Amino acid sequence: MNRTKPVVTAAEIQKDLMPLRRRGLLRGGLSLGALTLLTGCDLSTHSGVDAALEAMLRFDDEVQAAIFGQDRLAETYPASALTIPFRFNAYYPEWEVPNVDPNWHLAVSGLVADKTPWSLAALRALPQTSQITRHICIEGWSQIGQWSGIPLQVFLKRVGADLRARYVNFTCFDGYSTSIDMASALHPQTILALVFDNQPLAPQWGAPLRLRIPTKLGFKSAKNLQSIEVTNRFPGGYWENQGYDWFAGV
Ligand SMILES: Nc1nc2c(c(=O)[nH]1)N[C@H]1C(S)=C(S)[C@@H](COP(=O)(O)O)O[C@H]1N2
Ligand SMILES: [Mo]
């Protein structure tokens, strides 16, 4: 239960992705042109995770899973690099951002020992970490922001999650969803963010709780979380089911 090394193999994940591939929904990889668009800059002058993303996105999901390393960190930046103003994005316009239910609790389900829902106060009492990282949208823009919150690894261990399970699935109260593999969930920079830019998350930035995962494309960083599920059943996601690369990063 306490081991952090995931046992799911690339081949197993590949099997789960097969139906999507058959339906023609998964691309083999992105061209350098698409990647330049993706990161919004000249990749030949870029370092750190942008270069890593470039390399990763050239490969199939299978290869990405095989070469994924827990120790591969996304690039971090000084406060002077923060993007102001920060850009909102969702599958609907900003004026349709949902309000948070005052009785909001985070639901926890699936392969976990403790399924007690979490209040905001209880989440705030867990260990917190902070990061200034680049958020890269697949639409071809990127921006640098500051987020603070609970390492997902800490949260998963706290609820007694089966860390050998394949997937962590996130649902959101705006109807969005996404999922990641367990290795990505246990990555030290993958956090459940409560704070953006030193303020409690505002609704448009994902209040009251969002996933922030700088080693993957922006659509994996689910806002307005409703539930977290640990599962061996491939969960897909809002954009992933429409053809976006499921791995979407390193
Ligand atoms: N709940 C929810 N989360 C979401 C989305 C969404 O539509 N709904 N869009 C994703 C996409 S495509 C991007 S680029 C980022 C945008 O985050 P931001 O508004 O903080 O820039 O949120 C991601 N998380
Ligand atoms: Mo995005």
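A polar contact here is a pair of N or O atoms within 3.5 Å; within protein, one must be able to donate a hydrogen and the other to accept it, and residues adjacent in sequence count only if both atoms are side-chain atoms. This is a predicted model, where local features need pLDDT of at least 70, side-chain atom pairs count only at pLDDT 80 or more, and totals for chains, interfaces and linings use all residues. Residues are numbered from 1 along each chain as its sequence is written, and side-chain values use heavy atoms, leaving out hydrogens and water.

Start by selecting Gln189, in the loop between helix H7 (182-185) and strand S6 (191-196) (helices are DSSP runs of H or I, at least four residues, and strands are runs of E, at least two, numbered from the N terminus). Its side chain reaches the backbone nitrogen of Ala74 at 2.6 Å. Gln189 is buried, at 11% relative accessible area (buried means under 20%, exposed over 50%, partly exposed in between, with a 1.4 Å probe and protein chains only). Now show what it touches beyond four places in sequence: among them are Leu73, Gln131, Arg212 and Pro214 (contact means heavy atoms within 4.5 Å).

Next, pick strand S9 (residues 225-231), where 6 of the 7 residues are buried.

Methods
Chains lettered and ligands numbered in written order.
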